[in-house]
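Hi,

Here is the structure I promised to pass on. Have a look at it first, and then read my notes below.

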Amino acid sequence: MAKVTLPLMQVNDWLLRKWLPKRQRNTHKGDYGKILILCGAVSYTGAPVLAAMAAARSGAGLIFVGVPQSVYSIVASKLIEPMVFPLPDENGMLSEQAIPEILKRLQTCDACLIGCGLGRGEGTFAVVKAVLQNANCPVVLDADGINVMQGHMDILRSAKDLILTPHDGEFLRLGGELTHRLAAVKEMHRRTGATVLLKGHRTLICGKEGCFINRCGNPGMAKGGSGDALAGIIVSLLGQGISATRAAALGAWLHGQAGDLCAQMFGEYPMLPTDLIEALRYILR
């Protein structure tokens, strides 16, 4: 069989208008996605907050945020619209005892984000493995969710509809190489079956519907928390029924456009991920 070469397309506002579904008047919150976010640990309480806020700003109808019991009060005090719930933990990170509750909630959700600020422990690995092997909805795997899967390509392949969102270091831990970035992203997509979004100066996305490059964004976005916001945008779009490849591509573009608007308004040095999330209101308008 001849090898299929996927062309590289640029993400732009035309694709956003084409792919983003228009809201109908006779709809309710349940029509715009039930999102499950599993993020956070001791010392990483901002990750679930940023991801959930970005998901809400991107149009998700219902957002459920599961965090370790030890940080529940902190995260719950920061989020008003999303619904935060505590899960069993150990040493400040999710424990294996959290799996039954997580799988129960997964059954009623349209998309799941797992990994931002989870920490790297045995419980984290057990929870991520359970989600990937049992979720019937699309899953975004980010940050420590990717890190704990190092050496477990078989588990990644077992997921039904997966988006990987690594930065360079996480990509290398999965066994990728960065000499030729586009070829490496295509190869990771082939090996895992997942949609792969490789963050960077020019973010690359490769999935079942093709390969894309996002050219917007700026160095002011190079701050802790920006990736959490990106993951929240993507899972929100997934929950609203957009396919994995399109959600990843549009998520990268919205994220970059919001970052560029912040750079224009505040400058690259002082802008924050929270500014980026607030800027989404203007980009989506």
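To start with the fold as a whole: of the contacts in the chain with a separation of 6 or more, 66% are between residues 24 or more positions apart. Contact here means heavy atoms within 4.5 Å.

Before you go on, two notes on how to read this. It is a predicted model, so local features need pLDDT of at least 70 and side-chain atom pairs count only at pLDDT 80 or more, while totals for chains, interfaces and linings use all residues. Residues are numbered from 1 along each chain as its sequence is written, and side-chain values use heavy atoms, with hydrogens and water left out.

**Overall build**

The chain has 12 helices and 12 strands; these are DSSP runs numbered from the N terminus, with helices being H or I of at least four residues and strands E of at least two. Its C-alpha trace spans about 45 × 45 × 45 Å along the principal axes. The radius of gyration is 17 Å, which agrees with the value near 19 Å that a compact globule of 285 residues would have. That radius is taken over C-alpha atoms, and the globule rule is 2.2 Å times the number of residues to the power 0.38.

Of the 285 residues, 54% are buried. Buried means under 20% relative accessible area, exposed means over 50%, and partly exposed is in between (1.4 Å probe, protein chains only).

**The cores**

The largest nonpolar core has 59 residues, and Ile-37 and Leu-113 have the most contacts inside it. A nonpolar core is a set of buried Ala, Val, Leu, Ile, Met, Phe, Trp, Tyr and Cys residues joined through side-chain atoms within 4.5 Å. Among the elements that each supply at least two residues of this core are β2 (34-38), α2 (46-57), β7 (111-114) and α11 (244-266). The biggest giver is α11, with 12 residues. There is also a second, separate core of 46 residues, which includes Cys-112, Val-131, Leu-132 and Val-196.

Ile-37 is worth a click: leaving out residues up to four places away in sequence, it touches Leu-113 as well as Ala-51, Ala-52, Ala-55, Ile-63, Phe-64, Val-65 and Gly-66.

**Two residues with positive phi**

Ser-43 is not a glycine, but its phi is positive, at about 80°. It sits in the loop between β2 and α2, and it counts as exposed because its relative accessibility is 67%.

Ala-143 is not a glycine either, and has a positive phi of about 50°. You will find Ala-143 in the loop between β8 (139-141) and α6 (144-147). With 15% relative accessibility, Ala-143 counts as buried.

**Two buried threonines**

Thr-165 lies in the loop between β9 (162-164) and α8 (168-173), and at 1% relative accessibility it counts as buried. Setting aside neighbours within four places in sequence, its contacts include Val-140, Asp-142, Glu-170 and Lys-199. Thr-165 and Lys-199 are 34 residues apart in sequence, yet their C-alpha atoms are 7.0 Å apart in space.

Thr-124 belongs to helix α5 (residues 122-134) and is buried too, at 2% relative accessibility. Beyond its neighbours within four places in sequence, Thr-124 is in contact with Met-93, Leu-94, Leu-118, Gly-119 and Val-148.

Over to you!
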